[in-house]
Amino acid sequence: MQRRLTWHLQLWVTLLTAAFLIVPAIQSILAGLTVNYFRGLSSGLTLKWLGQVWELYADSIFLSLWLAFTCLIATLVIGVPAAYALARNPGRISRALEEFISLPLAVPGLALALALLQLYGTMKGFRTSWAFILVGHVLYTLPFMVRSVLAVLAAMDFKTLEESAATLGATPLTRFRTIVVPNAMPGILAGALTVVTLSIGEFNLTWMLHTPYLKTLPVGLADSYASMRLEIASAYTLIFFVMIVPLLMAMQWASARAQRIAQ
């Protein structure tokens, strides 16, 4: 009897929590599809607001996708070799470097953006380019790539595999390409999806670094809520959900797969 009551209690807590999170999202989505938000569904459904969002903020959408893609490439090029080096050479120095790489996670995005502005703010060509925002995104997301790959490498005996390959004449680059990367792929995949998701959704740092001509998805969303009709802002939210939710689902699947392989 007690076990059954506990199960029902857990079920209701789960349902209430899901409703608390999902109902506002559904309400916001419906607001972007109705003719008039204040009249509700009785005013009819329309795609007009989605069309206006695309006309006003298409550049922001493409900029966010481009930043996420280039941020992913940068974190792969930097993060995977860095994680391999840390796993290959454990010790105090490696632990100190790992903590240093993770430092941006402990620093508020606004503070990190202010530091970048102080350092590069006088470089006008760089300051007004998308590469300036990219630097902030790479600093913010790099720890997630390094830690994801490092967790997989720490759970496997890749040194023995490397030594076996070395006895067959494989060069360090060949061993990294044919042994380390394939075995670390679950961590690389999980880190990649985390990087892309965080880059698309990052607001605090981007808000400080952006210019009027370089608005990303979250900055454009804030702008639409501040200056547009509620229906347009809600339609913008719908577009944001359509882009983010599949990435979150893929990230959850990749993380679960990485954990199964690491066990």
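The model is predicted, so local features require pLDDT of at least 70 and side-chain atom pairs pLDDT 80 or more, whereas totals for chains, interfaces and linings use all residues. Residues are numbered from 1 along each chain as its sequence is written, and side-chain values use heavy atoms, without hydrogens or water.

**The core**

Select Val149, Leu153 and Ile200, which touch the most other members of the largest nonpolar core, a set of 54 residues. Such a core comprises buried Ala, Val, Leu, Ile, Met, Phe, Trp, Tyr and Cys residues joined through side-chain atoms within 4.5 Å; buried means under 20% relative accessible area, exposed over 50%, and partly exposed in between (1.4 Å probe, protein chains only). Next, colour helix 2 (48-88), the source of the largest share of this core, 16 residues. Helices are DSSP runs (H or I, at least four residues), numbered from the N terminus.

Centre on Ile200: its contacts (heavy atoms within 4.5 Å) include Ser64, Leu65, Ala68 and Phe240, leaving aside residues up to four places away in sequence.

**The aromatic pairs**

The whole structure holds 7 aromatic pairs. Rings of Phe, Tyr and Trp (its six-membered ring) pair if their centres lie within 6.5 Å; planes over 60 degrees apart count as edge-to-face, under 30 as stacked and the rest as tilted.

Select Trp66 and Trp130, an edge-to-face pair at 5.6 Å centre to centre with 75° between the planes. Trp66 lies in helix 2 and Trp130 in helix 7, 64 residues apart. Trp66 is partly exposed at 41%, as is Trp130 at 32%.

Notes:
Helix = DSSP H or I, 4+ residues; strand = E, 2+ residues; numbered from the N terminus.
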